[in-house]
Amino acid sequence: MAAPPLPELILPPISPTSYRRSPKSCFPASTAPAGARRATPIVACSAATVRTGEGVNPDDYHSTLRALNSKGRMPRKSLGQHYMLNSSINEQLAAAANVKKGDVVLEIGPGTGSLTNVLINSGATVLAVEKDSYMAALVDERFASTNRLKVLNEDFVKCHVSSHMMLLLKSIELSDSRSQPAKVVSNIPFNISTDIIKQLLPMGDIFSEVVLLLQEEAALRLVETSLRTSEYRPINVFVNFYSDPELKFKVPRTNFFPQPNVDAAVVSFKLKQAADYPAVSSTKSFFSMVNSAFNGKRKMLRKSLQHMSPSLEIERALEDSSLPATSRPEELSLDDFVRLHNLIVKQ
């Protein structure tokens, strides 16, 4: 017996007055809390309209709701779904990675396809990984007329994205005799951003650059954190080991539907090749040491790393690295951790 059709969900009503078309904002009034002062977007607003081979497709509040309703969907908090309403930001995301004709781009969580549209119109071939089967079907249908999109209905943190990318790159290389690194351009769910970063940054053999829209606080912590602060964590060591991060621009929360409780920012990670990684005998033992050091963040390293080497040896290694014997993890830079690791880890 065939399954009954999904009931159509009634989404928030839209009227001509839903938009405030002042120079300061082009976002729906309904997304702002009652009585809240409207934030001024840092990026310029546009008509949120882009062209495809099929004509003009607006990617705005109205089209987002229509697209969701076509699949009987509402944004799912469990998947961290917040849809972009402003195409000019998608265009800036693509520009931050210098996406051009012939590029191969990985997009994580394409949603209704607003960023996908910009990437394809920039001339890129896109591999889109979408966990939500309804959204995967929507994007696949939207771009059915192009041969430059492949949609994977998978959970990104569980899928073998490197295998999929290598197969796609090889097929393109065979068809046009070109070989170049791929890029990542994505507006990713905030709740899995750390998992995504940890999976992508060691893939410098496949990707040259990773451009992600992240929660602003997390973006700033990854890029601007200094030593001797409570924000300095193992992820900072990891990011700088594998990449050179740069904050590109900030994105107010009013650009999303539904509106999140935080602002966002775009970060570019220029990935290093393996030959350019800091010289350690084992990346596994190196990051195990870093994580152990921060697990006892309030402890001196001679205490928190005792399971790796006797305290006296750790003190000598610190002194040989021109560091105090009483050093704590937040006082060490990436280079300091590398020197310490190479001194205390037995070959």
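Trainee: Does Glu231 count as buried, partly exposed or exposed, and at what relative accessibility?

Mentor: Please keep in mind from the start that this is a predicted model. Glu231 counts as partly exposed, because its relative accessibility is 31%, and a residue is called buried only under 20% and exposed only over 50%. The side chain of Glu231 meets that of Arg221 in a salt bridge, with 3.7 Å from N to O. Glu231 lies in the loop between α7 (216-224) and α8 (234-242), whereas Arg221 lies in helix α7 itself, so the pair ties together parts that are 10 residues apart in sequence. The two partners fall into separate classes of accessibility, for Arg221 is buried, with a relative accessible area of 18%, while Glu231, as we saw, is partly exposed.

For a second bridge to set beside this one, look at Asp263, which forms a salt bridge with Arg253, the closest N and O atoms being 3.0 Å apart. Asp263 lies in the loop between β10 (256-257) and β11 (264-271), and Arg253 in the loop between β9 (243-251) and β10, so this pair, too, ties together parts that are 10 residues apart in sequence. Here Asp263 is partly exposed, with a relative accessible area of 25%, and Arg253 also counts as partly exposed, at 28% relative accessibility. Returning to the part you asked about, Glu231 and Arg221 belong to one network with Glu217 and Arg233, joined by salt bridges that share partners.

These contacts are among the 12 salt bridges that a search of the whole structure finds. Another of them brings together the side chains of Asp103 and Lys100, at 3.6 Å from N to O, and in this pair Asp103 is buried, with a relative accessible area of 3%, whereas Lys100 counts as partly exposed at 40% relative accessibility.

In one of them, the rings of Phe294 and Phe337 have their centres 5.9 Å apart and their planes at 40 degrees, so the pair is tilted. Phe294 lies in helix α9 (residues 283-295) and Phe337 in helix α12 (residues 334-344), so the pair ties together parts that are 43 residues apart in sequence. Phe294 counts as buried at 10% relative accessibility, and Phe337 is buried as well, with a relative accessible area of 0%.

Note on methods. Residues numbered from 1 in each chain as written. Predicted model: local features only at pLDDT ≥ 70, side-chain atom pairs only at ≥ 80, totals over all residues. Heavy atoms only, no water. Phe/Tyr/Trp six-rings, centres within 6.5 Å; stacked < 30°, edge-to-face > 60°. Helix = DSSP H or I, 4+ residues; strand = E, 2+ residues; numbered from the N terminus. Buried < 20%, exposed > 50% of the residue type's maximum accessible area, 1.4 Å probe, protein only. Salt bridge = Lys/Arg side-chain N within 4 Å of Asp/Glu carboxyl O.
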